[in-house]
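Here is a short tour for anyone setting up calculations on this protein. Keep the viewer open and follow along from one section to the next.

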Amino acid sequence: MIFSENRHPLFGIMLQGSLKNMSARSYLDWNATAPMRAEAKAAFAAAASQLGNPSSVHAEGRAARAVIEAAREQVAGLSGAIAGNVIFTSSGTEANMLALTPAIETAGEKQPRSRLFLSAIEHASVRSGGRFAADAIEELPVRPDGRLDLTALAKAVANAPRPMVSVMLANNETGIIQPVAEASEIVHAVGGLLHVDAVQAAGRIPCNIAALGADLLTLSAHKIGGAKGVGALIRAREDIHFREPLVRGGGQERGLRGGTENVAGIAAFGAAALAALTGRDAEASHMRGLRNELEARLLAATPEAVVFGRDDAIERLPNTTLFALPGIKAETAIIAFDLEGVAVSSGAACSSGKVQPSHVLAAMGASGPQQRGAVRVSLGWNSKAADVEKFLSAWTKLASALSKRQRGIAA
Ligand code: PLP
């Protein structure tokens with residue numbers, strides 16, 4: 001959501017100064033973006049004041065190049081990859097766009113990829129299919145538990161020569177973790193390539209590219225505490241070649257993405273990747289503790305609410321809760337929370353100020369009202385117990401207003 005003035009973007013109501021005191025607010029929308037980490041801000045500031053184009057051969061240029069190469073090592077470390085296989089891009093979106101192309105070859109396969117298969121719950125940047133023709137793209141169903149249907153995957157790729165498959169590691173709305181390693185076995189058994197969008201998983205759960213069996217992996221800096229507008233596509237092996245650059249130009253990033261690099265953003269990405277890797281387990285356990293408390297008390301206050309994917313048999317990110325309560329619409333809830341100083345989002349994408357029904361919940365077979373009503377709460381490494389309290393007190397107010405209204409209607 002964009003707050004360009006002191007007026008609410010969805011309903012045009014005045015915010016009465018609530019945004020003026022941001023420090024009193026509780027930000028629970030970390031899956032949309034995370035604050036920059038202190039380490040990333042320091043790296044950004046240092047690189048921003050450094051002179052030199054990384055493509056220049058003089059000392060200033062070499063210094064800027066050294067900043068990028070140090071960050072490349074750090075970003076590679078987050079996924080256990082080799083630094084030379086990291087390609088910096090302008091976003092996770094752009095990394096997905098670079099990955100999804102029929103013009104990709106490996107040592108064993110020089111022919112173009114015939115078809116692209118995507119899970120039905122992918123982020124819009126994957127669902128658009130990158131550089132594949134629309135009629136070469138096929139969606140794969142997920143099961144009601146929110147995980148990719150592996151039987152459908154096996155069936156789909158069996159008759160497609162040289163398929164490319166894209167499966168996210170963790171869903172941005174539900175947090176549900178996908179069976180990527182199992183998908184990898186299926187895809188590789190038929191000579192396919194697997195791309196994994198790990199944008200939401202990075203820094204929260206292990207993302208080792210080899211353990212996942214991914215051929216290509218997407219990361220985004222701003223979800224792990226780097227700056228907005230930087231991403232990376234990581235290749236598992238050097239023998240994966242793109243025949244077409246994404247951006248033609250000066251040959252930067254192995255000729256795949258022309259344009260002078262965003263040195264400060266890349267430096268911050270490296271610092272954030274290192275901090276995210278180092279702190280991952282402690283941060284995950286902190287977030288999980290708060291999230292479990294939030295869910296338990298939310299369900300105690302409103303037992304008719306549904307928390308999607310809250311099942312011991314289903315693995316979820318430690319920071320994400322997606323829930324719906326009959327009778328509550330996402331936009332009403334988001335505004336009510338916002339006016340109480342709590343930033344949450346709808347499960348569904350919010351584009352042009354309008355909440356769309358969630359394609360993720362639709363794919364899981366959730367009802368229409370649930371698709372339109374789901375609210376997402378996502379926590380981060382510096383979320384506090386006080387944020388959970390503030391959320392719960394706003395929720396109790398909202399739910400009691402709803403139940404009064406329902407009683408009024410019934411009377
Ligand atoms: N993939 C997933 C799963 C995401 O959640 C997002 C952003 O929300 C993206 C890709 C896009 O990343 P970026 O914002 O860097 O373009």
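## The ligand and its polar partners

An oxygen atom of the ligand sits 2.8 Å from a polar backbone atom of Gly92. Please keep in mind that this is a predicted model. On its own the ligand has 390 Å² of accessible area, and the protein covers 88% of that.

What kinds of residue form the shell around the ligand? It divides into 10 polar, two nonpolar and two charged residues. Of these 14 residues, the ones that come nearest are Gly92, Thr93, Asp197, Ser220 and Lys223. Helix 3, spanning residues 92-99, supplies the largest share of the shell, with three residues.

## The nonpolar cores

Moving on to the packing, the largest nonpolar core contains 54 residues. Val75, Phe88, Leu169, Leu217, Leu219 and Phe269 have the most contacts inside it. Helix 8 (residues 263-301) gives this core its largest share, nine residues. Another core lies apart from it and has 25 residues, including Leu298, Ala305, Ile328 and Val377.

Setting aside neighbours within four places in sequence, Phe88 is in contact with Ile68, Ala71, Arg72, Val75, Gly231, Ala232, Glu253, Arg257, Ile266 and Phe269.

## Arg257, a buried charge

One of those partners of Phe88 is Arg257, which is found in the loop between strand 10 (241-242) and helix 8. Is Arg257 buried or exposed? Its relative accessibility is 18%, so Arg257 counts as buried, the cut-off being under 20%.

The side chain of Arg257 makes a polar contact with the side chain of Glu94, at 2.5 Å. Not counting residues up to four places away in sequence, Arg257 touches Phe88, Thr89, Ser90, Glu94, Val247 and Gln252.

## Ala282, out in the open

Where does Ala282 itself fall, buried or exposed? With a relative accessible area of 56%, Ala282 is exposed, because that label applies over 50%.

For a sense of scale, take Ala282 together with Ser125: they are 157 residues apart in sequence, and their C-alpha atoms are 30 Å apart in space.

How values were computed:
Residues are numbered from 1 along each chain as its sequence is written. This is a predicted model: local features need pLDDT of at least 70, side-chain atom pairs count only at pLDDT 80 or more; totals for chains, interfaces and linings use all residues. Side-chain values use heavy atoms; hydrogens and water are left out. A nonpolar core is a set of buried Ala, Val, Leu, Ile, Met, Phe, Trp, Tyr and Cys residues joined through side-chain atoms within 4.5 Å. Buried means under 20% relative accessible area, exposed over 50%, partly exposed in between (1.4 Å probe, protein chains only). Helices (H or I, at least four residues) and strands (E, at least two) are DSSP runs, numbered from the N terminus. Contact means heavy atoms within 4.5 Å. A residue is near a molecule or strand if one of its heavy atoms lies within 4 Å of it. A polar contact is a pair of N or O atoms within 3.5 Å; within protein, one must be able to donate a hydrogen and the other to accept it, and residues adjacent in sequence count only if both atoms are side-chain atoms. Accessible areas come from the Shrake-Rupley method with a 1.4 Å probe; for residues, only the protein chains shown count as cover. Ala, Val, Leu, Ile, Met, Phe, Trp, Tyr, Cys and Pro count as nonpolar, Asp, Glu, Lys and Arg as charged, and the others, Gly among them, as polar.
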